[in-house]
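Open the model in your viewer and keep the sequence panel beside it. The tour below says what to select at each stop.

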Amino acid sequence: IHIVFGLWLAYIGYKRIMKQPIKKYNYYILIGLGSIVTLYFIHLLYKNIGKSWNYAFGIPNYVIFLTHLINAILFIGIGLRYIDIGDIISLYLIISGSLAGLYHAHLMYIH
């Protein structure tokens, strides 16, 4: 899922940095994705209060949780068109989408 959505986010960022419009359904997907991620990670935070562990490569769980929550809020803001997909947000989508896809592809390769 991370690989597919990572590629999709990079695609959206690329389209917008090239000043090309994205289809309306992409905004709805961003709202849905952001909502699901927000609810899931709030649930994980609540379930794991006081617990600490590391993900792959020693990344602490709270870094993963916060990163996902920040991205989820950003996705909802973009989907609702409160946040414009300008050059900075487009670049962020390209980089974060690419990193998500590559990180999880790498995890599949080493495991």
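Contact here means heavy atoms within 4.5 Å. This is a predicted model, in which local features need pLDDT of at least 70 and side-chain atom pairs count only at pLDDT 80 or more, while totals for chains, interfaces and linings use all residues. Residues are numbered from 1 along each chain as its sequence is written, and side-chain values use heavy atoms, with hydrogens and water left out.

**Stop 1: Tyr55.** Select Tyr55, in the loop between H2 and H3. Helices are DSSP runs of H or I with at least four residues, numbered from the N terminus. Leaving aside neighbours within four places in sequence, Tyr55 is in contact with Asn61, Ile64 and Phe65. Is Tyr55 buried, exposed or partly exposed? Its relative accessibility is 31%, so Tyr55 counts as partly exposed. The cut-offs are under 20% relative accessible area for buried and over 50% for exposed, with partly exposed in between (1.4 Å probe, protein chains only). Tyr55 and Leu69 are 14 residues apart in sequence and 16 Å apart in space, C-alpha to C-alpha.

**Stop 2: Thr38.** Go to helix H2, residues 24-47, and pick Thr38. Thr38 counts as buried because its relative accessibility is 17%. Show its side chain: a polar atom there lies 2.7 Å from the backbone oxygen of Gly34. Which residues does Thr38 touch, not counting those up to four places away in sequence? They are Leu69, Ala72, Ile73 and Ile76.

**Stop 3: all of H2.** Select the 24 residues of H2. From first C-alpha to last, H2 reaches 35 Å, close to the 34 Å expected at 1.5 Å a residue. That expected span is 1.5 Å times one less than the number of residues. Colour the buried residues of H2, including Tyr27, Leu30, Val37 and Phe41. The buried residues of H2 pack against helix H1 (2-17) and helix H3 (61-79).

**Stop 4: H1 on H2.** Show H1 with H2. Their axes come within 12 Å and cross at roughly 135 degrees. Axes are lines fitted to C-alpha atoms, for helices over the stretch in contact, and angles run from 0 to 180 degrees between N-to-C directions. H1 and H2 are therefore oblique to each other. Look for Phe5, Trp8, Leu9 and Ile12 of H1 against Asn26, Ile29, Leu30 and Leu33 of H2. Angles under 35 degrees count as roughly parallel, over 145 as roughly antiparallel, 65 to 115 as roughly perpendicular and the rest as oblique.

**Stop 5: H2 on H3.** H2 and H3 pack at an angle of about 150 degrees, with their axes 7 Å apart. H2 and H3 are therefore roughly antiparallel to each other. Among the residues making the contact are Gly34, Thr38 and Phe41 of H2 and Leu69, Ala72 and Ile76 of H3.

**Stop 6: H3.** H3 has 19 residues and reaches 27 Å from its first C-alpha to its last, close to the 27 Å expected at 1.5 Å a residue. Its buried residues include Asn61, Phe65, Leu69 and Phe75. The buried residues of H3 pack against H1, H2 and helix H4 (87-110).

Stop 7: Most residues other than glycine have a negative phi. Select Arg81, in the loop between H3 and H4. Just after H3, Arg81 takes a positive phi of about 65 degrees. Finish at Lys19, in the loop between H1 and H2. Phi of Lys19 is near 65 degrees, also a positive value in a residue other than glycine. Lys19 is exposed, with a relative accessible area of 56%.

Terms used. Helix = DSSP H or I, 4+ residues; strand = E, 2+ residues; numbered from the N terminus. Polar contact = N/O pair within 3.5 Å; in protein donor to acceptor, adjacent residues only side chain to side chain.
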